[in-house]
Amino acid sequence: MTQTPVEPLLAQMAGDLSALLQRRGVEDPAMVGIHTGGVWVARELHRALGLEQPLGSLDITFYRDDFTRIGLHPQVKPSDIPFQVDDRHIILVDDVLHTGRTIRAAMNEIFDYGRPASVILAVLVERGGRELPIEADVVGTRLKLKLGEHVKLTGPEPLVLEIHEAA
Amino acid sequence: MSSTNLQVDDQGRLRHFLTIEGLSHSILTEILDTAESFAGVTSRQVKKVPLLRGKTIVNLFFEASTRTRTTFELAAKRLSADVLNINIDASSAVKGETLLDTLRNLEAMHVDMFVVRHADSGAAHFFARHVAPHISVLNAGDGRHAHPTQAMLDMFTIRRVKGPDFGRLRVAIVGDVMHSRVARSQIHALNTLNTGEVRIVAPKTLVPVDAESLGVRVYHDLEAGIRDVDVIIMLRLQRERMQGAMLPSEHEYFRLFGLTEQRLAVADPDVTVMHPGPINRGVEMDSQVADGPRSVILEQVTHGIAVRMAVMSMTMRAHGEAEAKDRH
């Protein structure tokens with residue numbers, strides 16, 4: 001197992017995000033983290049960017065596409081979107097972008113709260129294996145994983161990126 | 001009635017929801033936690049989630065109900081399921097079709113869940129024993145036996161108002177305990193959640209014979225029974241289930257057991273008053289109490305939707321996994 005500290009990645013993401021927001025002329029965006037790792041990452045980015053809107057969180061359990069195959073996750077947490085979604089620019093944050101299915105579910109859930117002006121995707125880790133046409137706008141690090149390897153964010157204190165070898 | 005094995009699968013997860021009796025503290029807590037997540041859905045612009053899309057849920061009511069049937073229906077719709085409401089006394093039962101025939105006919109329509117209310121104790125269990133393996137059965141009230149979703153929405157309401165520690169609570173259940181499936185399910189739920197003290201307060205003629213074995217203290221005097229309690233759950237006087245002279249008169253009942261503002265003074269100053277509805281105003285309680293600041297009666301109705309969404313999605317989960325295994 002290899003461990004990578006995430007502070008430098010977060011600092012770089014915060015810089016890239018604020019450059020992107022400036023380039024697009026986005027004012028007063030809101031941020032939403034996806035449970036559980038995405039919320040940890042979002043908390044850091046939210047602080048670094050000094051956003052005014054309170055941080056939101058999503059548990060996408062009710063929107064997963066594999067409910068009929070694996071059922072309901074037993075530790076589902078309430079989603080909390082403490083701002084109006086309509087016409088707002090939203091930064092969606094997750095820890096690892098893999099198949100894209102989690103992001104698909106998260107976007108569906110966001111649209112049930114309203115119609116956002118735009119959605120920006122920021123992820124700490126981008127790895128291969130996409131099964132849907134979804135890409136991140138801001139990426140902390142890109143990993144090329146070997147067959148059987150997987151990456152996991154542990155936290156919340158401290159946040160550490162762990163790469164596990166095949167068992 | 002042995003239902004633990006019937007309603008829980010070999011991995012300890014909920015398959016049917018028939019009675020509180022025999023369910024573990026962790027399952028009851030999981031129901032309450034899951035319901036908490038669903039409660040937020042109601043305040044959004046789109047008040048539904050796609051979880052049970054493509055599933056068909058049948059509300060099979062052999063006995064009248066407004067609140068329970070409509071909140072089950074709303075819960076199913078908020079989970080994106082299709083819902084069929086069947087009121088049987090107006091249908092085939094009068095033509096002589098047996099319960100099993102009714103069941104087989106509905107199964108042939110490829111349904112995924114039955115929500116059953118019936119005047120006979122054990123009716124939901126009967127369904128659960130005979131349905132095809134992919135179908136879940138939820139008990140929406142059977143005879144005098146159980147009404148588990150009502151009990152869980154009451155627990156959800158108590159937890160929201162009083163916090164998660166049931167151990168420091170005194171709860172009094174007041175009224176017609178003998179005829180009440182709600183009271184039975186509440187007592188099992190309160191005990192499983194380790195409630196500090198559970199009391200029942202009722203005239204001698206309306207206390208079930210096995211009351212002491214349920215793990216409750218029995219009071220026959222209202223003021224003694226609600227002294228210092230944190231929660232008072234009033235029960236409806238079930239006129240339709242009463243035979244013979246169990247009560248002198250409704251007026252006399254109110255004089256002895258009716259809840260009034262004046263009587264509430266002996267309870268904890270922050271006491272919460274509950275009632276599963278429908279209320280007989282001026283029989284079980286004064287309107288002043290029912291509509292007063294301590295009453296959470298309408299919150300109970302709202303919470304019924306989230307709790308029923310939780311139980312529906314949890315029981316459907318077990319089947320989802322069974323289907324997945326079949327495919328591999």
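**Exercises on a two-chain model**

In chain A, A:Gln3 has A:Glu162 of strand E8 as its bridge partner. This pair opens the first exercise. The model is predicted.

**Exercise 1. Describe the five-strand sheet of chain B.**
Task: state whether the pairing is parallel or antiparallel, then name the edge strands.

Solution. 
- Step 1. Read the order. It is E7-E6-E5-E8-E9 in chain B; the sheet is open and the pairing parallel.
- Step 2. Name the edges. Strand E7 (217–219) and strand E9 (272–274) of chain B pair on one side only.
- Step 3. Look at one pair of strands. Strand E5 (residues 170–174) and strand E8 (residues 231–234) of chain B share four bridges and run parallel. Opposite B:Ile173 stands B:Ile233 in E8(B).
- Step 4. Helix H7 (residues 181–192) of chain B lies across E5, strand E6 (197–201) and E8 of chain B. H7 runs at about 170° to E5(B).

**Exercise 2. Characterise the interface.**
Task: work out how many residues of each chain are in contact, and which element of chain B supplies the largest share of its side.

Solution. 
- Step 1. Count residues. Chain B brings 23 residues into contact with 19 residues of chain A.
- Step 2. Take the area. The chains bury about 1,800 Å² between them, with 59% of it on carbon and sulfur atoms.
- Step 3. List the polar links. Across the interface there are four residue pairs in polar contact. There are also two salt bridges. One of them joins B:Arg44 to A:Asp112, with the closest N and O atoms 3.6 Å apart. The cut-off is 4 Å, so this pair qualifies.
- Step 4. Assign elements. Helix H2 (25–39) and helix H12 (297–327) of chain B each supply at least two residues of the side that touches chain A. The largest share, eight residues, comes from H12(B).
- Step 5. Sort by type. The residues on this side of chain B are nine nonpolar, five polar and nine charged.

Notes: Residues numbered from 1 in each chain as written. Chains lettered and ligands numbered in written order. Predicted model: local features only at pLDDT ≥ 70, side-chain atom pairs only at ≥ 80, totals over all residues. Heavy atoms only, no water. Contact = heavy atoms within 4.5 Å. Buried area = accessible area lost by both parts, 1.4 Å probe. Salt bridge = Lys/Arg side-chain N within 4 Å of Asp/Glu carboxyl O. Polar contact = N/O pair within 3.5 Å; in protein donor to acceptor, adjacent residues only side chain to side chain. Nonpolar A, V, L, I, M, F, W, Y, C, P; charged D, E, K, R; others polar. Pairing = 2+ DSSP bridges. Axes fitted to C-alpha atoms, helices over the stretch in contact; angles between N-to-C directions.
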